[in-house]
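Here are my notes on the model, as numbered points.

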Amino acid sequence: MTSFRVNGRDHDLDIDPDTPLLWVLRDELHLTGTKFGCGIAQCGACTVMLDGMPRRACVTPISMVEGREVTTIEGMEGPETEAVRAAWTAIDVPQCGWCQSGQIMSAVALLQAVSAPSDEDIDNAMAGNVCRCATYIRIRQAIHDAAKVLEG
Amino acid sequence: MGFETTRRGLLAGGAGLMLALTLPIGRGRAQVTVAGPFAPNAFIRIGTDDLVTVMSKHLEMGQGPYTGLATLVAEELDADWAQMRAEGAPADDKLYANLAFGAQGTGGSTAIANSFMQMRKAGAAARAMLVAAAAQEWGVPAAEITVKAGVVAHPGSGKTSGFGALSAAAASQPVPEDPPVKAPADFVLIGKDRPKLDTKAKTDGSAQFALDVYRDGMLTVVVAHPPKFGATVASFDDKDALAVKGVQMVRQIPSGVAVYATNTYAALKGRDALQVNWDESKAETRGSAELFEAFTKAAQAGGTTVEEQGDLAAFTGAAKTLEAEYHFPYLAHAPMEPLDAVIEVKGGKAELWYGCQFPAFDRPTVAATLGVPVEDVQINVLLAGGSFGRRAQGSAHLAAEAAAVAKAAGADGTFKLLWTREDDIRGGYYRPLTVHRFRAGLDDAGKIIAWENIVANQSIMMGTPMEPMLQGGPDSTSFEGSTGLPYILGAKRIGWARMESPVSVLWWRSVGHTHTAYAVETFLDQVLEAAGKDPVAGRLELLPPEATRERGVIEKVAEISGWTGRTRDGKGYGVAYTKSFGTYVAQVAEVQDMGGVPRVTKVWCAVDCGIAVNPNVIRAQIEGGIGYALGTALHNHISLAPGGEVEQSNFHDYPMLRISEMPAVEVAIIASEADPTGIGEPGVPPLGPAMANAWRALTGRAQNVLPFGGATS
């Protein structure tokens, strides 16, 4: 039995302890906003917050999540999340959309850590998130826009 | 067995319940048969809540048809943009055919071009019906009624109404056969930036793709595919696989061995535990080096002539002759959402949910595999997490595999078929491995007097169910872009050598232009330099007077990039021009030398795609196309080891462009009143050659083997 918290709700699941958190979120909890892209932590589509820090769910065995708190795209809230979503929407960042949950998780984590990120900060924080549609120009712009809104 | 969908919105019929103006499908169908392609009300639903939902006959895979088609409808309907919605139309060849193909499918950057008049007529018809309903209700002449931003009004009496309140009455009005549409000067929405309809759901995790479909009793299935192309299952041992908790069964299907499990992880573990012996007697056992050798030999032999002008004897009079050979590797599309589909078979009928790009191929394939009538196969078309051509297969192999999985289960049930990234990278359907050979002859004055280009590669369409579309001719997707050049090149011959291999090939974002644009535009650049000409001025000189749109984009990109020549301040500049999918594109790339590795810092792009329906989407497609092409040129190749196994497997050895590598992009859209042409693909072809030309300007090195970052064999 593994006990953990997802988006503020407690779960106790009898599950193979090796099962990646990604498949637990999707197959067991039907939280489908977290995407599968590579399975080897190379693309970031499965990024979630584990105790508030971004983490690739595809390489995180559920046994590692025991007693911890997971936040997925569906459960994200707060000023950084709101600013990022608004900025993403204002300039239509997404194309196919598959990677965007992960992009937004990483962007929010960046803005929580650095209030006015430089281009280099963005390159570093977003390096693990692939966008095959190459929406990178708008991702960068939206992060800058969100930072400005948060500064007030 | 009861099936309860946990999906939000799309399937539950949120829109379907509020329809008032939806015509019965049967009526729409009859109209298609009798009156031609315009069946307006198969495309539009107007609810009593004023929401207008456009049923998109084109797959939304990021290229923007939901927004584009809705814009066309809203323009003629005079709707307010805020009331517009879009969703995927189901598989129905009669109602939802792509007018460019005569069958339902998305591809060739045709979504806006083939829908431009059809969707406007659909919107105009709905508008006329709303006006007729208002005229009847208010007892005023229809001619006195105005519609603006979703409000129907009769200025004389002061009466106004939204669409919703009129929708029931409008539904009983006659459908206008050929309603008039606006002149371009009267467009309110077309030509202006418009927020995309699918953005919000793609920022909060609610957008629904095939992998997100969960249904009661559903099993997840992964398939062990052969390690070499053309190999088949000889035998297998499923004892260890069946011992994995959650694995329900293992079945042989035509494409491999399928493992069925109650969850994804169990299916993957079960597949890992499976022992399969493969029959490789018909497999491709050549490695990429051997393939390049064979393809090169065939190119040297000249191929068959596919375009010819004048007499190549002109070469004998050339003062200078240049030659070049190019090697292009196989490429995987690698959409972020790997291939996947959900199929449910129940009582002799099948229902599927996935990002289906070519219902015209997929639906009959599922029906034939299951042995049921086509009418008993329902395909719900969801969003797709990218495609770049990968989801449109003439062989319908994914749909066939899904149906085979359901059939092999031997009983009614619901199955989610998932390809992992490894399945995707190693699964074939690649951009064809291609060799180009060139020679060009210059006279004393530096004028090009002779040009020969031979292309050697596999055919995408020949030997597949798409072959009849070629009507006996050669497969132009193999060499398009080598043929049809606007430049005056003197005596000219284009040859094609068709190669064969069990490695499956497919169209890959911009198809033949993925290699022809690179080869032609980099070779031309070398020829122009040998002739002492500037890349921009030299190209313009080669254009005949009637090539105004070609000239327009080249001149525009020179203008916005501040073109001064091949180098400036220690940076290299390269230009390239391509026409693909009806659209004229010229790009200038700015490149720096980072210790022997090129870094593209800025790209300028001029694009003429006719009427710019939504400049926001056009810019996005150009930006994305440039990034897609850049990552490929820098990093990507699929190679076969000696023996025939694919050497790459995932993003660690088939790397994608990262944000730090993305250049700044400036796009100029040429103002035009010509009918719209493609935009999903045309941004791709010029980037590689523009970058290569800039790199050669900076370093003197010609990159004739791709990718830049690694050997291809």
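1. In this predicted model, the axes of α8 (residues 359-370) and α9 (residues 397-409) of chain B come within 9 Å and cross at roughly 25 degrees. Axes are lines fitted to C-alpha atoms, for helices over the stretch in contact, with angles from 0 to 180 degrees between N-to-C directions. The angle makes α8(B) roughly parallel to α9(B) (under 35 degrees; over 145 is roughly antiparallel, 65 to 115 roughly perpendicular, the rest oblique). The crossing is right-handed, that is, the near helix is turned clockwise from the far one by less than a right angle.

2. On the α8(B) side, the contact is made by Asp362(B), Thr365(B), Val366(B), Thr369(B) and Leu370(B). From α9(B) come Ala399(B), Ala400(B), Ala403(B), Ala404(B), Ala406(B) and Lys407(B). Contact means C-beta atoms, placed from the backbone, within 7 Å. These residues divide into seven nonpolar, two polar and two charged. Nonpolar covers Ala, Val, Leu, Ile, Met, Phe, Trp, Tyr, Cys and Pro; charged covers Asp, Glu, Lys and Arg; the others, Gly among them, are polar.

3. Glu681(B) sits in the loop between β25 (664-669) and α15 (687-699) of chain B. Helices (H or I, at least four residues) and strands (E, at least two) are DSSP runs, numbered from the N terminus. Glu681(B) counts as buried because it has 27 C-beta neighbours inside 10 Å (buried is 20 or more, exposed 12 or fewer, partly exposed in between, with C-beta atoms placed from the backbone). Leaving out residues up to four places away in sequence, Glu681(B) touches Ser109(B), Arg509(B), Ser510(B), Ser580(B) and Phe581(B).

4. Chain A is divided into domain 1 (2-75) and domain 2 (79-151), with bounds from an automatic or database domain assignment. Their C-alpha centres lie 21 Å apart. The contact takes 13 residues from domain 1 and eleven residues from domain 2. On the domain 1 side, strand β3 (residues 47-50) gives the most, with three residues. That side divides into seven nonpolar, five polar and one charged.

5. Between the chains, 45 residues of chain A are in contact with 48 residues of chain B. On the chain A side, α5 (136-151) is among the helices supplying at least two residues, and α5(A) gives the most, with four residues. The chain A side comprises 23 nonpolar, 14 polar and eight charged residues.

6. On conventions, residues are numbered from 1 along each chain as its sequence is written, while chains are lettered from A and ligands numbered from 1 in the order in which they are written. Local features need pLDDT of at least 70 and side-chain atom pairs count only at pLDDT 80 or more, whereas totals for chains, interfaces and linings use all residues.

Note on methods
Two residues are in contact if their C-beta atoms, placed from the backbone, lie within 7 Å.
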